[in-house]
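Hi,

Here is the structure I promised to pass on. Have a look at it first, and then read my notes below.

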Amino acid sequence: MWGLYARWLKSKGDLTMCSEAHLKQVRSYQGSDLWKDRDRFKRFSYASLELCKVYMEISSSSGSRRELFAAEMHLKNVLKQAEGFSDMEEFRDLQACLDEVKTELQSGPVAT
């Protein structure tokens, strides 16, 4: 439900509320079963990628680095906990997204 709402908000141009909806979607997948269930991890990783993409879009449009730092922290935490899924494509997608966020952070100073 949160993912659908996030897409609707994005279509309306409200990236801040879109990121909040994606964050709620990510949190809805969290729980003790997440790190034991491959299908749940797939859904969680997709939601995490969507959240971080919106964070990067907000940063790009606003010039703020705050969202990039939030994306970096989220992805680092997820990858640390998801080591048991390192053989999955979704894990590699999260790692690639983290690399992209780090590149953006290193690309130069932007207003915070």
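Where does Lys36 lie? Lys36 sits in the loop between α2 and α3. (Helices here are DSSP runs of H or I with at least four residues, and strands are runs of E with at least two, numbered from the N terminus.) Lys36 is exposed, at 68% relative accessible area. For that label, exposed means over 50%, buried means under 20%, and partly exposed is in between, using a 1.4 Å probe and protein chains only. From Lys36 to Leu49 there are 13 residues in sequence and 20 Å in space, C-alpha to C-alpha.

Before going on, some housekeeping. This is a predicted model, where local features need pLDDT of at least 70 and side-chain atom pairs count only at pLDDT 80 or more, while totals for chains, interfaces and linings use all residues. Residues are numbered from 1 along each chain as its sequence is written, and side-chain values use heavy atoms, with hydrogens and water left out.

Now the helix packing. Two packed helices are described by the angle between their axes and the distance between the axes. The axes are lines fitted to C-alpha atoms, for helices over the stretch in contact, and the angles run from 0 to 180 degrees between N-to-C directions.

The axes of α2 and α3 are 9 Å apart and pack at about 160°. That makes α2 roughly antiparallel to α3; the cut-offs are over 145 degrees for roughly antiparallel, under 35 for roughly parallel, 65 to 115 for roughly perpendicular, and oblique for the rest. Their crossing is left-handed, meaning that the near helix is turned anticlockwise from the far one by less than a right angle (clockwise would be right-handed). Residues of α2 that meet α3 include Cys18, His22, Leu23 and Val26, and on the α3 side Phe44, Ser48, Leu51 and Ile58 are among them. Contact means heavy atoms within 4.5 Å. The residues of this contact divide into 11 nonpolar, 7 polar and 4 charged. In that count, Ala, Val, Leu, Ile, Met, Phe, Trp, Tyr, Cys and Pro are nonpolar, Asp, Glu, Lys and Arg are charged, and the others, Gly among them, are polar.

Helix α3 (residues 38-62) also packs on α5 (residues 89-106): their axes come within 10 Å and cross at roughly 15°. That makes α3 roughly parallel to α5, and this crossing is left-handed. Phe41, Leu49, Cys52 and Met56 of α3 are among the residues in the contact, as are Phe91, Leu94, Cys97 and Val101 of α5. The tally for α3 with α5 is 8 nonpolar, 2 polar and 4 charged.

Then there is α4 (residues 66-81), whose axis comes within 9 Å of the α5 axis, crossing at roughly 150°. That makes α4 roughly antiparallel to α5, and α4 passes α5 in a left-handed crossing. Here the contact includes Leu68, Phe69, Leu75 and Leu79 from α4, and Leu94, Leu98, Val101 and Leu105 from α5. This one divides into 12 nonpolar, 1 polar and 4 charged residues.

Ser48, in helix α3, is buried at 0% relative accessible area. Leaving aside neighbours within four places in sequence, Ser48 is in contact with Val26, His74, Val78 and Leu94. Lys24 is in helix α2 (residues 15-29) and counts as partly exposed at 42%. Lys24 is 18 residues from Ala6 in sequence and 9.5 Å from it in space, C-alpha to C-alpha. Ala96, in helix α5, is partly exposed as well, at 42%. Between Ala96 and Leu49 there are 47 residues in sequence and 10.0 Å in space, again C-alpha to C-alpha.

Last, the cysteines. How many disulfides does the structure hold? The count is 0, where a disulfide is a pair of cysteine sulfur atoms within 2.5 Å. The sulfur of Cys18 is too far for a bond, because the closest cysteine sulfur, in Cys52, is 12 Å away. Cys18 is buried, with 0% relative accessible area. Cys97 is in no disulfide either, and the nearest cysteine sulfur, that of Cys52, is 4.8 Å away. Cys97 is buried too, at 5%.

Cheers
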